[in-house]
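Student: Could you show me how to read a structure with two chains? I would like to go step by step.

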Amino acid sequence: MRKTFRVLSIAVSALALTGVLGIAPTAIADDKSALEKGKKLAFGIKKGNCLACHMMSDGDQPGNIGPPLIAMKARFPDKAVLKAQISDARAKNPNTIMPPFGTHGILTEKEIDLITDFVHSL
Amino acid sequence: MKKLISSVALLIIALPFVTVQASTPAEDTEAFRSYFKKAVPDVKFEDFQNGVYALDADSREQWIEIEEFPPYELAIDKGTELWEKPFKNGKSFASCFGEDISGTRAKYPYHDEAQDTIVTLEGDINKCLTDNGEKPYKWKKGNIAAVSAYIAYEGRGKKVDVHPKTDKAKAWYDKGKKFFYAKRGQLNLACADCHVYNFNRKVRSELLSPALGHPTHFPVFRTKWGEMGTLHRRYGGCNKNIRAKPFKAQSDEYKALEYFQAVMSNGLELNGPGARK
C-alpha cells in the first residue's frame, strides 16, 4: 500500500513536471515528431507492445505485469541504462518475462533508440 | 547466427530451473497447488477449474449469464448425433468406448506402456474412426470437438486423476514439464511466465488464468473463435502469441504438455465443455 502510494506520488509529481515543461517554448518540432514516432513504436502491437505489460503515458488498457513507466528520468538518469534494459532485460534479471527486444531482433537498433527517447520523456 | 547463440544460451539459463529439482510428479503437484493457494488464498481449490472466472468477480458474473444458454450446447447436440450415427460397417463410437461413457473422459490422457505414447481423448476418437474404415476428423475443431464435447459432458463431475507410474510414463511427464517451463519464441516466454508467475495479472486487458485447472473444461467454446476448439488448438494459439512456431495438434510435444498439465490439475473436477472469452 505504501509502495502504491509512493508510485502514485511520483506519478503526480511527474505529471506536474511535464505540465510545466510541456509548454516550454524550446520544444522543437523535430523532437516532437521523433517522440511521436517512439510512442507509436512503443504502443504498436506488432512492435514494442510495451502496453501489454506496462502502464505508460495515455496508453489504452495497459497490462500490469511490469512496473508503470513513469518518472523515468528520475529512475534512469543515464539513458544508456534505459536502452540496455529495453534491448535485453535479461542482463539485469536472467529470468525476466520482458522480451529481449534487441537481442531477439523484435526491434531494430533505430527503433529501440526512438522508444528509449520516448520512454525517457515519461 | 547471433540469434541462435542467444537462444542456446537462454536454454542453458532456463534448464536448471526445471531439471535441478529431482522431484516426483506427486511432489510437483503438491508444490504447484500450494503456490497458487498462497498467491490467492481466497480462491477455493475446487474453483480453479474455472480459469479466470475464479479470480475476477465481474467477468465471473458475465460468464454465469453465458452459462444459462451455453454456447457449447450445439456442439453437444452435434456430438450426440455423430455418436449415434452408424459407421459404414454398421458399428458406431460405442463399439470403441462402450455404452456407458460416464467414466470415459476421466481416463484421458493416459500413458500407453506398450506403444510408449500418451493417449488423448481426441486421439482415440480418431483411432476409432480409422479402425472402422472411416476418415479421421480434422484435429482442432468441428466434428472432433463435437464428439469430445459430448463425451466430456457425459463425464462431468469425475475428477482429474492422472498418475505417471512407470519410468516411461515419467519420461513423458518430464518432457511436458520441460516444455511448460522453457522460454520460447521471439518473445522468449514460457507458459509458466504467464500462467504461473504472472497469473492474476493483466496482459493488456486480458487477465491471465492460473495453469492449475487448465485442462479440466476442454473442449471449449471461445467467443473470440466463435466456435469450439480443443486444448491443443489453444496451445497453438498461445505459442503463436509469443511468436513461436506452434506444434501440430496431437504432436508429441502437445501430448506431453497435456499430460503434465493434467497431473498438475489432479483432484479438480472435469467440467467440460466450457465457455471462455
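**Reading the interface and a sheet**

Tutor: Let us begin with salt bridges, where a side-chain nitrogen of Lys or Arg lies within 4 Å of a carboxyl oxygen of Asp or Glu. Between chain B and chain A the count is zero salt bridges. This is a predicted model, in which local features need pLDDT of at least 70 and side-chain atom pairs pLDDT 80 or more, while totals for chains, interfaces and linings use all residues. Residues are numbered from 1 along each chain, chains are lettered from A and ligands numbered from 1 in the order written, and side-chain values use heavy atoms, without hydrogens and water.

Student: How much area do chain B and chain A bury between them?

Tutor: Interface size is often given as the accessible area lost when the parts come together. Here that is about 1800 Å² (1.4 Å probe, summed over both parts), with 53% of it on carbon and sulfur atoms. B:Gln186, B:Arg204 and B:Arg243 supply 32% of the area that chain B buries against chain A, more than any other three residues.

Student: In what order do the three strands of the open sheet in chain B run?

Tutor: Strands are DSSP runs of E, at least two residues long, and two of them pair if DSSP finds at least two bridges between them. The order is β6-β5-β7, with mixed pairing. β6 (227-229) and β7 (274-276) of chain B are at the edges with a single partner strand each, so one side of each has no neighbour in the sheet. Strand β5 (residues 220-222) of chain B runs parallel to β7(B), joined by three bridges; B:Arg222 has B:Arg276 as its bridge partner in β7(B).

Definitions and conventions:
Helix = DSSP H or I, 4+ residues; strand = E, 2+ residues; numbered from the N terminus. Buried area = accessible area lost by both parts, 1.4 Å probe.
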